Amino acid sequence: MLNFTIRRLVMAVPTVIIISLLIFLLLDLAPGDPTAQLPLTIPLEVRDEIRLALGLGDPVIVRYFKWLQMMLVNEPLHALEQVTGWNVAPDTQRILSWQSRSPVGDIIAQRIPQTLWVVGMGYLFGILIALPIGIISAYKQYSWFDQLGTFIAMVGFSVPVFFTGVVLILVFSVWLGWFPSMYDTTLRVTDWDSFMRQVRQMVLPVSVLALFNAAQISRFMRASMLDNLNMDYVRTARAKGLRERTVVMVHVLRNSMIPVVTVIALGVPSVFSGAIITETIFRVNGLGALLINAIYANDIPMIQTLTFIFAVLIVLFNLIADVIYGILDPRIRYD
Amino acid sequence: MRLKATLWGAAAALALVPAAAMAERERGSSGHLNIIYWQAVSTMNPFLSGGTKEMNASSIVLEPLARFDAAGELVAWLAEEIPTLDNGGVSEDLKTITWRLKEGLLWSDGTPVTAADVVFTHEYCTHPEGGCSYRDRFAGIESVVAEDDHTVVITFEDATPNPYIPFVGAGSPIIQQAQFQNCLGARAPECTDANFAPVGTGPYVVTDFRPNDVIQFEANPNYRVPTQPYFATITWAGGGDATGAARAVFQTGEMDYAWNLQLAPEVIEQMQSGGQGELLVDFGPLMERIELNFTDVSADLPDDERGTRMHPHPILTDIRVREALSRAIDRELLTEIGYGPTGRATCNFIVAPPAMASPNNDNCLVQDMDRANELLDEAGWERGPDGIRTRDGMRLELLFNTSTNAVRQDFQALIQQWWREIGVDTRLRNIDAGVFFGSDPSSPDTYVKFWADVQMYASLFEGTDPTPHLEQRRCGREPRPETQWPGQNINRYCNPEYDALWAELNREPDPERRQELVIALNDMFVQDFAHLPLVARGRVSAKSTDLGGVVMNVWDSEHWNQAEWYRITE
Amino acid sequence: MTDVSRPEAEATAAKPFTPDQAFRPPRNQWWDVWDQFRSHRGALLGTLVFVFIILFVGIGPWIWQVDPGFIDIRSRNQGPSWSNPLGTDQLGRDMLARMMYGGRISVAVGLTAMFLGLLIGTLVGVLAGYFRRVDGILMRTTDLFLALPLLPLLLVMVLLFRDMLARNFGEAAGVFVLIVVAIGITSWMQTARIVRGDVLALKEREYVLAARSIGTPSRRIVSRHILPNVLSPIMVSATLGIASAIITESALSFLGLGFPPDFPTWGRLLFDGRDWIEQYPARVVWPGLFISLTVLSVNFIGDGLRDALDPRIRGR
């Protein structure tokens, strides 16, 4: 397994680079223009000059290698410099966003806290709710609990976030006035009071996301548990006189986790890509809002860098999933 | 540009602040102000962005020599007075203009503002590698020279009847030479600190800037009016959507001011009924229109001939068809449904300033289906069995493009129905705004390329002088494939009489005569039914009821008088 | 369709033998499936609802002959009445007619895109899980698709294929193909990863080893032993896939990449109604309800089918 992990990690580097090249080409091919959002009062000749100043005059492959060099060398050096204070990256060029003309690395770093707070918590709560619901629903198949769980999960999944989000804002911000409708990214948690304010502003977006995530994961949990509950080994385990609790929570659960682990591992990178609609509705301004704004504004350096980080996380977490498969079911071999 | 009224404007601005209340207010006494821009600000340097939101945010830090007040009149801002022919500030040959800075002006860092800063601003924005968004403000300038510390002389290449473009208005503010001198040309984006927190002369300074998220301001300690600004600090939040921003002002009271609320009239009305906030609307040159294509865009043509003058449009080159399309539209109804109080039905190409809006075309405001049918009958289009007209085997069918936007899709549906009633079939298409308003030459869907028969969008012009806007419709200004499709004559209109009249306008210095010429050009263009004006759209923002001193301004940044905003206390 | 003969034999063996059974003529196993399916109340109800929805969108427009695009500007924003049972929208178009026509597109897009996504996902998942040689390349492709930003991808697809498809299939059908393909090829990755994970574990199970040891060809092992056992995660992916396809279509319409604006879809009605939620909540509730009902009914049908097809559960 160790061998396999190391080999996959080595393989991941060219994979990620190829993915980044393909994404770069795709973005280049996509019709769009960084000056499209400017008012129509700005003449087309000036727009051409703006595009040239952004570096769009170079051929696509030159732009790609410039970006790659900055992404793989300059940006890590800068990050190192900021963490350690060593002067390792004097005057090296950094990836600049076309919208703000500032280093994308700094903007991404600014956005990570709120994304982790809101989207990460939403995901975590989603998993924590989904697993017990999935297990109980499967164990008591067709009970009222199962039926209710199914109903809520399906409604949670099929009613889009832009609907539930607005309903929550109307009820809890406008009518009841319990929670703010807008997230304040400048809030620093320093004492109990500011902590409570942080909690209050997180409640609505986190619940929307948790509902959506829980809906999905609980369905996979339930289905997979159902498959395993009727297996021979369960009967064997019961026949051996194991306690029902041990049978379900150890034997069945462990064997049912493979699809659930896949779904969870696939979801973790998307925590970092943010929750675009939720972030927009509650004005969270995390990475999701950053990405969608960059896409609207055709801010290619920003899109490219975000999707690159995203690709790295996907490759990494899919690898982690593969390793976990091996732990859950030692019969799985990769070599 | 009537400068006589300059004083009037200043007097009006003073009158807006009740004298009794003014005595009590002093710098910072109103506390904290919350502003929400649902499209967040990405930089504080307007020269590097060009977007309206960046221009508005930077306008409370960076200021021009003169700006427009709410009535569209010039007001001296950093300049002592407006230079004119009468006071000798503008030379007789209309080639030079001399600006004098106010005495004792300080940057927010305490250093004096000098003419050298003005000269440097010109140099910064005209640097060939800088990609400055407001470069066209400095077009036709031969030199900008500092005569002494307080005097700047701008010399134009040709006689310029309207010299109030460079350093005038929110799109042309003065930046500090000391801060930006190492940021010229290609180095401009490297000066992140300067771009995010420019040193300015305005009422506020940036204390924290997060691109596309939030800006924090505090009062400028060196602001030239000692009692202003009244608000000590501002949080300028960004992001979310228009509905959320409106809700934060009208319903939850989390925000004091929200910008650009393009929402359905009923939605705004309902939110407003809570009484927590009020809508601010004023009308400028922004106008929603339908452009009619004069060239054939059939997909059967080769790409480099499609949409060019080589192939005239088989249907729309007939003025009777164009007029019929116009007659079939009920502009008042469109306005009521799409914009409510924030729009006005119009039949003019130039809708503002009010003195330049033609009074001669209002007959198109009334929908006239009979006349439309008559015109099409005359033109030889006869109804087929499905109700759609044909002529020589050709169906009267049009492709109708617009950008994606709820109001525009409603308009498309309505217009499609009206046109079907007069026997015109319409295929609708909506295109992502980023593509539609972009100018990627490889995309068939940009508004410049206009590979459709009709398209709808809104356009405007900068400042109060429509001359450059009128110039766009001259022959030879149309987008062409040879030049990779730049050009602003979107509908490929070409009329030698129009061109001659425009040339006359471009030479004319007399304001009264200029107005007549603008109206004549406007009438010629719209009476040719070369494009169909629909709705003059206002700037729409909202403020909470306890926010005072706000004066909506469509000619400049809507934060032009930010220093005078205050909290109304009982 | 049965996976392993062993458990089935056991299941019959476990039942007490009654003389009746001995004299009954042999029955087609699909009857057993149907019997089991029929006994699943949720599945029956789901089928009923689903049939109702199909009739509503399929035959509805013939019974309720109102043009969904017809604007009656005087009666806009009306509540329910005899002439407009679901009220009218902001332009005075009949909501019932719009729901019917919108449903046609939404259901068609949802089902087709789901099937396409499922097909690709299952194929990739099974191949990658079962054949070690292609695992690496297929999973890296999956990683690539997961990382692709959807919006620019769609913009490119529209740019490259819209006119070509519109010429060959006509405007609306061309867009339909484009959207279904776009949603399909951007939604198969999760299914693929899940199926692969299960297949990796299943192929080491004893019965697969047994099948292989007697020389069963890979194709047979996959189709008879592996596929039936990964059916339930596939079913879950399918039900979730319909919902996300319908919602994705609405997001695409909103961005201007979907159907032309004169084609209503449930997703778009829901999206357009969002701003009116305070004034006219019905305008959001109806499309939301129908999307939820479709997804719920498909989910229960899926549940019932899975139970009915699983011989270990059947007859329990």
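Which helix of chain A gives the most to the nonpolar patch? Helix 5 (residues 144–158) of chain A does, with four residues. The model is a predicted one, in which local features need pLDDT of at least 70 and side-chain atom pairs count only at pLDDT 80 or more, whereas totals for chains, interfaces and linings use all residues. Residues are numbered from 1 along each chain as its sequence is written, chains are lettered from A and ligands numbered from 1 in the order in which they are written, and side-chain values use heavy atoms, with hydrogens and water left out.

- Chain A has twelve helices and zero strands, where helices (H or I, at least four residues) and strands (E, at least two) are DSSP runs numbered from the N terminus.
- Taken along the principal axes, the C-alpha atoms of chain A fill a box of roughly 80 × 60 × 40 Å.
- A:Trp144, A:Leu148, A:Phe151, A:Ile152 and A:Leu211 make a nonpolar surface patch of about 540 Å², and one of these residues, A:Phe151, lies in helix 5 of chain A.
- Patches are made of residues with over 30% relative accessible area and no salt bridge, like charges being joined within 9 Å and nonpolar side chains (Val, Leu, Ile, Met, Phe, Trp, Tyr) within 5 Å; the accessible areas come from the Shrake-Rupley method with a 1.4 Å probe, and for residues only the protein chains shown count as cover.

**Interface between chain C and chain A**

- The contact (heavy atoms within 4.5 Å) takes 60 residues from chain C and 60 residues from chain A.
- About 5,600 Å² is buried between chain C and chain A, with carbon and sulfur atoms giving 66% of that area; buried area is the accessible area (1.4 Å probe) that two parts lose on being put together, summed over both.
- Within chain C, the residues that lose the most area to chain A are C:Arg140, C:Arg193 and C:Leu240, which together account for 10% of what that side buries.
- Three salt bridges are counted between chain C and chain A, a salt bridge being a side-chain nitrogen of Lys or Arg within 4 Å of a carboxyl oxygen of Asp or Glu.
- C:Arg193 forms a salt bridge with A:Asp322, in which the closest N and O atoms are 3.4 Å apart.
- Six residue pairs, both residues at pLDDT 80 or more, are in polar contact between chain C and chain A; a polar contact is a pair of N or O atoms within 3.5 Å, and within protein one must be able to donate a hydrogen and the other to accept it, while residues adjacent in sequence count only if both atoms are side-chain atoms.
- Helix 13 of chain C supplies the largest share of the side of chain C that touches chain A, namely twelve residues.
- That side of chain C has 31 nonpolar, eleven polar and 18 charged residues, where Ala, Val, Leu, Ile, Met, Phe, Trp, Tyr, Cys and Pro count as nonpolar, Asp, Glu, Lys and Arg as charged, and the others, Gly among them, as polar.

**Interface between chain C and chain B**

- Here 28 residues of chain C are in contact with 31 residues of chain B, and the two chains bury about 2,500 Å² between them, 48% of it on carbon and sulfur atoms.
- C:Arg162, C:Pro261 and C:Glu278 are the residues of chain C that lose the most area to chain B, together 19% of what that side buries.
- One salt bridge is counted between chain C and chain B; C:Arg93 forms a salt bridge with B:Asp410, with the closest N and O atoms 4.0 Å apart.
- Four residue pairs are in polar contact between chain C and chain B, both residues at pLDDT 80 or more.
- Helix 8 of chain C gives the most to the side of chain C that touches chain B, with four residues.
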